[in-house]
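Dear colleague,

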Amino acid sequence: MAKLQPVRGTHDLLPDDARRHRHIVETGLAIASRYGFGEIETPIFEFTEVFKRTLGEASDVVSKEMYTFTDRGGDEITLRPEGTAGVARALISGGLSQSLPLKLYYQGPMFRYERPQKGRQRQFHQIGIELLGVPEPQADIEVIACGADILAALGILDRTVLELNTLGDAESRGAYRAALVSYFQDHAEALSEDSRHRLTVNPLRILDSKNEGDRAIVANAPSFDDHLNPLSQDFFAAVTEGLSALGIACQRNMRLVRGLDYYCHTAFEFVTDALGAQGTVMGGGRYDGLVETMGGPAIPGVGWAAGIERLAMMVDGVPGPARPIALVPVGVGVERALMALAHRLRKAGHTVEHGYSGNVGKRLKRAGRLGARVALILGEDELARGVIQRRDLDAGAQEEVPLDGIEGHLARFR
RNA sequence: GCGGGUGUAGCUCAGUCGGUUAGAGCGCCAGAUUGUGGCUCUGGAGGCCGUGGGUUCAAUCCCCAUCACUCGCCCCA
């Protein structure tokens, strides 16, 4: 620690950034509430086992990206790398399976030990929703629609594309996986080193390889659609038809596979080309096997997560802070009276700022910088007469008004 | 974890083919205006030139290492 600086991959959220994040979190919650989602907060750390079991031992997240430590009691603890596992754990340990379906919205920091770059940090923030206990495709449609609505409310939906794919049910996925492995094994010699590794760890991932040689081989790989059983085909058809009925445009992306083991059927991402290498703004899908994998009852689920930092880079129109009323004293004799006035106005619901120091000019200048709508200027003379100068900083107009009932007078300047 | 680029004032960036006091714009502070902001003018503060080591009479500049940032890969939000 040569210099006092934040840990690599972590950042302070200064007031402007914090406001941006809050806007996203609150917009997300407001929209999700319309869909019947309620907020849940789970701890930001869990027993390491929770993530190992749900994400799969071989996944990148578990094998190299987790912040894991042993606590003073000797327990293996991990800072959450994503939100779904914690929600599923809460469902089981809280006995929430008695109140299905569950519709949950969450928000908060996640931690992954990765090399930072644009749109990727070691501590980052997500919003997300999970809909648990509904096996029908209507749940998938609703979850995606909710996501699209949030992106629309943030003003970024039209800069994203919804990519959609199906991984089929367990049977279909297993059959396809076997066909893929067999195909790629025949071409293993020609595959890139990365993809040969993927062959053993996550063969579906090869479909998404950016390596040119791999792409040539992928072009002739078996098609997922040929391995979907009728049930999976019907499920996917219901999802696409539902989206289309809601006017939500999407693109089939046959190479879209989610990295995490527990996904089935629907997989989707809202992607953009505005964020460099990190194209995914919101990603999710169906995870029917997850809760059971964790040792709970067989409860299906579907959900998504979105990176707040990535959203923040695309959002404009973040509401600014409330415009304050600036109090300006003339001379030291009135400062006590102004302090009392500030207190009075704040109790009445106004946002009030003091200038703290300097002459009238300085304080008005500072008031302008703070974005004040009005300044109240008070001197000995005004105080004695029970009045105050109310200056409209936008219009540049000034008027003398009685101190009595000033709260009401200011109402129109909020 | 792998590969490339960049670190000079609060911010954006010049600059020194190695040479004595390192600059600009914006921002900040103050004055012109001791009771009136936004414009203008004047002045001021603020830099171990990321950090450590090496080469040299001399390093902000060259070399090595390190840290941070950044772009890409892997993976993902």
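Predicted model: local features only at pLDDT ≥ 70, side-chain atom pairs only at ≥ 80, totals over all residues.

I began with strand β12, residues 325-329, where five of the five residues are buried, so the strand is largely enclosed by the rest of the structure. In a regular strand the side chains alternate between the two faces of the sheet. In β12, I325, L327 and P329 point one way while A326 and V328 point the other way, and all of them are buried.

Which strands does β12 pair with? It runs parallel to β13 (residues 352-354), to which it is joined by three bridges, and L327 stands opposite H354 in that strand. It also runs parallel to β14 (residues 374-378), with five bridges between them, and here V328 stands opposite I377. Together with helix α12 (residues 335-347), β12 and β13 make a right-handed β-α-β unit.

The other group is an open sheet of three strands in the order β2-β4-β3, in which the pairing is antiparallel. Its edge strands are β2 (45-47) and β3 (67-70), each of which pairs on one side only, and the twist from one strand to the next averages 30°. Between β3 and β4 (residues 76-79) there are four bridges in the antiparallel sense, and T68 has T78 in β4 as its bridge partner. Helix α2, residues 48-55, lies across β2, β3 and β4 and runs at about 80° to β2.

With best wishes

Methods:
Residues numbered from 1 in each chain as written. Chains lettered and ligands numbered in written order. Buried ≥ 20, exposed ≤ 12 C-beta atoms within 10 Å, placed from the backbone. Helix = DSSP H or I, 4+ residues; strand = E, 2+ residues; numbered from the N terminus. Pairing = 2+ DSSP bridges. Right-handed = clockwise from strand over helix to strand, strands pointing away. Axes fitted to C-alpha atoms, helices over the stretch in contact; angles between N-to-C directions. Contact = placed C-beta atoms within 7 Å.
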